[in-house]
Amino acid sequence: MSRFRAAALALAAVFVPFAAGAAEQVNVYTYRETKLVQPLFDAFTKDTGIAVNVISGLEQRIKAEGADSPADVLLTVDIGRIDDAVAAGISQPINSTVIDEIVPAQFRDPNGQWAGISMRARVIYASKDRVKQDAITYEELADPKWKGKICIRSGQHIYNNALFAAYVAKHGEAKAEEWLRGLKANLAQKPSGGDRETARDVAAGKCDLGIGNTYYWALMLNDPDKKAWADVTRVVLPTFEGGGTHVNLSGVVLAKHAPNKANAVKLIEWLAGEKAQQIYADANYEYPIRAGVPLNPIIAGYGKLKPDPLPIAKIAANRKAASTLVDKVGFDN
């Protein structure tokens with residue numbers, strides 16, 4: 001038995017089941033921090049009377065629990081984790097006309113196994129003093145003019161894996177490899193830390209451009225300990241040549257053996273509703289998946305987001321190729 005499998009089984013063994021026979025409840029396994037999702041669940045319970053039981057769990061845990069799993073919904077971030085959940089065989093089709101009508105097709109699984117609930121973009125934190133360009137393409141990040149000027153976290157991190165997979169999907173593996181080699185050559189230092197640390201290093205003058213997700217910059221702006229990093233940087237919304245800005249998702253999966261399936265679908269549909277979408281926008285600094293919901297003013301200040309039209313499912317299909325190329329070019333070395 002693998003160490004990972006053993007750990008998952010151990011988690012399942014210590015899990016205390018939710019109250020049997022409870023009339024109105026839904027059980028959510030999530031990667032998200034409690035402070036980010038609890039306002040959503042509190043509002044859902046207030047609107048519907050359905051109690052939400054939250055477990056900070058993994059898709060491997062649901063798989064280990066099998067048909068006896070109490071999980072109804074997996075709420076997670078990034079197509080990498082969503083795709084892993086489907087690959088683990090723990091999902092079933094959501095089959096919701098509400099979701100089909102609200103969530104654009106590019107942000108849904110073609111087979112209905114997952115749906116996006118909110119968006120985040122992979123963008124550039126640029127030095128206000130040293131970078132005067134207002135428009136930068138992802139392709140341009142490999143241009144030698146940026147040599148020694150870019151900071152980024154590990155190329156194998158799911159956020160970068162998705163961006164690199166999008167590049168593979170749009171340009172093919174050969175061009176993606178060439179691009180990754182160019183990007184690596186432009187790095188100011190070995191990939192390390194997280195998105196916040198890239199902003200920190202730009203602020204410290206170690207690099208001029210940092211790659212990060214949109215919401216981190218907003219969080220830094222409201223964090224007294226990190227506000228200085230945001231104050232000396234600005235967000236640039238890069239685009240693919242002839243396309244738009246790479247976006248990823250916060251998404252939901254309906255658990256394969258959901259004991260409260262009807263309530264689970266109600267929750268999923270509610271998360272796509274106007275109230276939940278506004279909470280995502282204002283509390284989490286994410287882009288609503290539902291059209292017409294106002295952005296948080298900080299996020300709106302980045303400029304108009306034009307999401308790249310590449311279906312998220314195609315990004316998922318190229319994750320392995322992107323990961324292989326990262327190792328092939330020694331990106332993280």
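Me: Are C151 and C207 buried or exposed?
Reply: Both C151 and C207 are buried (buried is under 20% relative accessible area, exposed over 50%, partly exposed in between, with a 1.4 Å probe and protein chains only). This is a predicted model, where local features need pLDDT of at least 70, side-chain atom pairs count only at pLDDT 80 or more, and totals for chains, interfaces and linings use all residues. Residues are numbered from 1 along each chain as its sequence is written, and side-chain values use heavy atoms, leaving out hydrogens and water.

Me: How many disulfides does a search of the whole structure find?
Reply: The search finds 1 disulfide (a pair of cysteine sulfur atoms within 2.5 Å). C151 is joined to C207, S to S 2.0 Å.

Me: Which parts does the pair tie together?
Reply: C151 is in strand β6 (residues 150-151) and C207 is in the loop between α8 (195-203) and β7 (209-213), so the link ties parts 56 residues apart in sequence. Helices (H or I, at least four residues) and strands (E, at least two) are DSSP runs, numbered from the N terminus.

Me: Switching to α2. Which residues are buried there?
Reply: L36, V37, L40, F41, A43 and F44 are buried in α2. They cover an arc of only 160 degrees around the axis, so they sit on the same side of α2; the arc is that of the directions from the helix axis to the C-beta atoms.

Me: What do the buried residues of α2 pack against?
Reply: They pack against β1 (25-30), β2 (51-55), β3 (73-77), α11 (261-271) and α12 (274-283), with contact meaning heavy atoms within 4.5 Å.

Me: Which exposed residues are on the face turned away?
Reply: K35 and K46.
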